[in-house]
Amino acid sequence: MTARDRDAGRRRTTRDARSLSAPKGLRAGILPRFSSRDRFGRFTEAVARGMGTPWFLVALSVFVAAWITWNTMGPEPLRFDSLALGFTALTLILSLQASYAAPLILLAQNRQDDRDRVQIEQDRQRAERNLADTEYLAREVVSLRLAMKDVATKDFIRAELRALLEELDRDETPDEGETVDGASSSDGRGQRTDGRGPRTPGEGPAQ
């Protein structure tokens with residue numbers, strides 16, 4: 001066994017060990033993996049967006065006109081498409097362009113449909129959250145209104161204080177009248193006002 005055979009066997013063993021130690025989904029396949037699955041989708045959208053502009057139609061019209069003009073009026077040795085054959089090369093080019101343009105446009109439409117579907121789902125979820133928030137706020141407003149019915153307002157407190165003050169005034173006014181009437185009656189019966197008991201008829205005025 002030569003050194004080259006030994007190196008080849010060693011590389012084969014290393015490759016087999018690497019493939020067995022890695023999960024099946026991470027092993028390198030036959031086809032190359034793209035770093036981003038969305039890259040081709042963005043490319044198709046760019047192509048479809050470019051083909052849907054007036055500049056693409058103008059450029060395609062100029063290209064066809066120049067092709068036909070050159071192959072009709074140009075020098076005979078320099079012509080590359082024959083008018084007698086119906087511009088076969090131009091027809092093939094336009095057919096090839098159309099055959100590639102249609103799938104690219106369909107792919108771009110599918111991606112747009114997927115985005116619209118996701119956007120519609122997000123809008124639906126947002127609408128449900130807004131509806132739930134609105135219902136919650138409505139319930140809170142109703143509960144606040146019911147709670148405000150049991151809360152004393154400023155006018156109610158003012159009316160109650162005014163009524164209480166009027167009641168206190170009515171209670172204090174008869175007491176003062178009774179005190180004045182009692183003092184007058186006591187002086188009329190000959191009671192002492194100096195606090196030394198009743199005054200006798202023969203007793204003179206207090207010194």
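R42 has its place in helix α2, residues 38-51, where helices are DSSP runs (H or I) of at least four residues, numbered from the N terminus. With a relative accessible area of 43%, R42 is partly exposed; buried here means under 20% relative accessible area, exposed over 50%, and partly exposed in between, with a 1.4 Å probe and protein chains only. The C-alpha atom of R42 is separated by 9.9 Å from that of L107, 65 residues apart along the chain.

The model is predicted, so that local features need pLDDT of at least 70 and side-chain atom pairs count only at pLDDT 80 or more, while totals for chains, interfaces and linings use all residues. Residues are numbered from 1 along each chain as its sequence is written, and side-chain values use heavy atoms, with hydrogens and water left out.

The chain has 5 helices and 0 strands, and buried residues make up 7% of its 207 residues. One of the buried residues is A101, at 7% relative accessibility, which is placed in helix α4; the C-alpha atoms of A101 and M51 are separated by 8.3 Å, although the two are 50 residues apart along the chain.

Helix α3 (residues 54-73) and helix α4 (residues 88-149) have axes that come within 11 Å and cross at roughly 160°, the axes being lines fitted to C-alpha atoms over the stretch in contact and the angles running from 0 to 180 degrees between N-to-C directions. That makes α3 roughly antiparallel to α4, a term for angles over 145 degrees.

The structure holds 7 salt bridges, each defined as a side-chain nitrogen of Lys or Arg within 4 Å of a carboxyl oxygen of Asp or Glu. Three of them are listed here.

| Salt bridge | N to O distance |
|---|---|
| R111 and E45 | 3.0 Å |
| E121 and R124 | 2.3 Å |
| D123 and R126 | 2.8 Å |

In the pair of R111 and E45, which meet in a salt bridge, R111 lies in helix α4 and E45 in helix α2, so the pair ties together parts that are 66 residues apart in sequence. Both R111 and E45 are buried, and E45, R111 and R115 are linked in a network of salt bridges. E121 and R124, by contrast, are 3 residues apart in helix α4, separated by about one helical turn; E121 is partly exposed at 31% relative accessible area, and R124 is partly exposed at 38%.

Conventions
Helix = DSSP H or I, 4+ residues; strand = E, 2+ residues; numbered from the N terminus. Parallel < 35°, antiparallel > 145°, perpendicular 65-115°, else oblique.
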